Amino acid sequence: MVNTLNKKVIRELIALKSQSITIALVVASGIAIFIASGSSYDSLRQTRDKFYINTYFADGFVSSKPAPEILERRIRNIPGIQDIRMRIVQESVIDFPEEDLPSAARFVSITNGMNDLVLMKGRLPITNEEVVINESFAEANSLSPENNIAVILQGKRKQLTIVGIALSPEFVYVFRSASPLPDPRHFGIFWMKKEALEAAFQMQGAFNDLIFTFSKDAKRKSTLQLLDQELEAYGGLGAYDREKLPSHSFLRDEFKQLQSTAYVTPMIFLGVAAFLLHIVSTRIISKEREQIATLKAVGYSDFTVAAHYGKLLIIISSGGAFIGIILGIYFGDSMLSLYGEYYKFPNLKLILSPMLIIQGVIIGILSGLVGALFSVRSVLKLNPAEAMRPPAPDSFSKIPFENFMKSLPTQGKMILRNLFRRPIRTILSSLGISTSVMIMVIGTFMYGAVDNMLDLQFNLLQRESVTINFFGPVSTDVELEISKEKGVLYTEGYRLVPVRIRVGAVTKELLLQGLPQNAELRRLIGKGEKILIPPESGILLNAQVAQKLGLNAGQEIQLEILEGNRKKINVTIVGTVDEILGQGAYMERTAVSRLLGESSSVNLLTLRTDANEESNLLHKLKSIPKIAGINTRAGTLKVFREMTSRSILATTIVLLLFAGIIAIGVVYNTAMIALSERAFELGSLRILGFNKLEVFSILAGELTIETLVALPIGCITGYGFAYLMFNSVETEGFNVPLNVSLETYGIALVTTILTAIISFIILYFKIKSMDLVSVLKIRE
């Protein structure tokens, strides 16, 4: 049977239904983001860990030039090495006749018991003419088992039969080393039998890639150094552990971002919800002074009365938490589908932990309790005899600077006095509205940031139309030959070589890039986007790397060339380079050739082309056997936009929706509470001769000022949170500069103002329909 106080709770919920719904939706927004981010994080992490364990994912990796397999025993005896697999890894061209751009694949020999494949379709190869391909490449090119595919291995065209489509823990995120942006249509991973690749690349009894696991007691750094020493004579490119594997490090950074989102963003929503609940409960308690006094006078204890109001707020926040959990599951599943397009896992499904749901409910209820805490305390302090008397009239004394605004109309003075009469509430209302602006800035700035990044990368730094990668260094005569092709307007050749920089005991592997003295197509920039000239002696070093290693211009470091003569020299850092994609070191091209002890050569060529002739030119370039891959600026941008636009758009829509809920929740509730609290005062104004529009203008004026104050605060805090989001997670390979565009601020401001206008319209019709004069009779 429902007791008296519970009936009162039900009646109050019905009376406050519109305000309860808006507050519950704010709570629901926070819980939805918490559940969606938390469940996505749990699902990805658990699926990844299970994937790694089930496939015996290697702990470490190292590549080299072809080395004899007789090294196996010596490598196995290195302290800290538990198990190894020797394999062959080579990139080669794939021939799709109908494609302008040549596609490429990384051929990897299949290893058993380490980095095992998970077959999604088909089977493993049995003959040397069979191949298993990665799932994203198969989907992008509509390939399936039993299809044939033409590849160019060591300059020889070979027909392979696809017998399986698989996933590998090593290639959860697939991209070419030349670009951190994935291009599943033009780059894939092909697994074949080791014997097949030995025959194709003439590497019988040899390997050029090694994967290994550490023993439990391994001193990893020491083990990696010993392994490097063992492979130094065979051109070892530096052993590294799993943390530096590109696919794994991308995942790790994504997980950090998700974890941060799962806790930071919901706190904003729930903070606003707590604020709204506090305002509503304060208003209810203030309005029901006499009822509270009566309840206490007839024998209800302080705790019972306080629990009654706490119950009301907990029901609202619990309702929000319930809605949030349902929405969170839906959004979590959608987020996981989007992640599944970038990161390839077998059986990626939403894992919803019961503990996450319990945490969501507790957080929702806590927001209600926090909101109710101070207002319910006032219930306990009320003396029944005192509470049965009407509250003392509020003071409407002059505000300090009112003397300077003598020309203000009466309504203007009333608005200012009301705002200053309760400064804490005025400040909190503005802060509440500002969170709406802030979330809209956070939700939309990524569009501007990505556009700015692409503008800097492809208009300021990387300005070529076409990029050509060669299998190895070629004479600069090739640059001259290609420059004569029809459609080529300008060419520049670069020499790229892997290096290891050593600072004391710390090492870092990078790509040393040799640029022409006055490079036009690829440029280097320093602070303030100042164009830098590649030095003939010394190096320019990536600013992030320099900062991480504590290096400054003028310092000397050891540079170890991981190719050719494997020279070790001391070089001086002459400056730092700001990069957006990738991390490298830079010198003048001929200086790099001198370091390598070779004549002038290039292994990367950039072209500026005539757009009308580009298609014919690409078809012709495909036939040059030395070319390992070709990228076009248009193609790269298209792939990137296709991959990012959906995820950014989905995030933006969700955050805009939630930000709108906050704006409505704060502005609408503030308006309704002000109307309810000041009904007597507004009724008095009607008696004094104010019409309904003039009464409305007083409330609307106060809300307008609070909204106007909130707008710049929201823009500033939005920028601050965007800055935190960019800098809270350190990512290697990407250094996207923070740029919150005026368009982003404009969207946030206009949306908040429109939301406020909608609330004002509702407020106007409320005032129009209210019989304010009757309020005076009730009061009397």
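What share of the contacts in the protein chain with a separation of 6 or more comes from residues 24 or more positions apart? Such residues account for 81% of them, where contact means heavy atoms within 4.5 Å. The structure is a predicted model, in which local features need pLDDT of at least 70 and side-chain atom pairs count only at pLDDT 80 or more, while totals for chains, interfaces and linings use all residues. Residues are numbered from 1 along each chain as its sequence is written, and side-chain values use heavy atoms, with hydrogens and water left out.

Let us begin with the chain as a whole. Its secondary structure comes to 22 helices and 22 strands; these are DSSP runs, numbered from the N terminus, with at least four residues (H or I) for a helix and at least two (E) for a strand. The C-alpha trace spans about 100 × 60 × 50 Å along its principal axes. Of the 780 residues, 53% are buried. Here buried means under 20% relative accessible area, exposed means over 50%, and partly exposed lies in between (1.4 Å probe, protein chains only). The accessible surface comes to about 34,900 Å², and carbon and sulfur atoms own 59% of that area (Shrake-Rupley method, 1.4 Å probe; for residues, only the protein chains shown count as cover). As for charge, the chain carries 80 positive and 72 negative side chains, and the centres of the two sets lie 8 Å apart. In this count Lys and Arg are positive and Asp and Glu negative, with His and the chain ends not counted; each charge is placed at NZ of Lys, CZ of Arg, CG of Asp or CD of Glu.

In helix H8 (residues 289-297), the buried residues are Arg289, Ile292, Ala293, Leu295 and Lys296. Seen down the axis of H8, they fall within an arc of 160°, so they line one face of the helix; the arc is that of the directions from the helix axis to the C-beta atoms. After H8 comes Gly299, with a positive phi near 120°. In helix H14 (residues 476-483), Val478, Glu479 and Ile482 are buried. Their arc is 105° when seen down the axis of H14, so these residues also line one face of their helix. The cover over them includes strand S12 (466-475), S13, helix H16 (589-596), strand S21 (601-609) and helix H17 (614-621).

Leaving aside residues up to four places away in sequence, Leu489 touches Arg608, Thr609 and Asp610. Asp610 is 121 residues from Leu489 in sequence, yet their C-alpha atoms are 6.6 Å apart in space.

Arg106 sits in strand S4 (residues 103-109) and is buried, with a relative accessible area of 17%. Its side chain is joined to that of Glu91 by a polar contact of 3.0 Å, a term for a pair of N or O atoms within 3.5 Å; within protein, one must be able to donate a hydrogen and the other to accept it, and residues adjacent in sequence count only if both atoms are side-chain atoms.

Asn115 lies in the loop between S4 and strand S5 (118-122), and its phi is positive, about 50°, although it is not a glycine. Glu146, in the loop between helix H4 (135-140) and strand S7 (148-153), is another residue other than glycine with a positive phi, near 90°. Asn115 is buried at 4% relative accessible area, whereas Glu146 is exposed at 62%.
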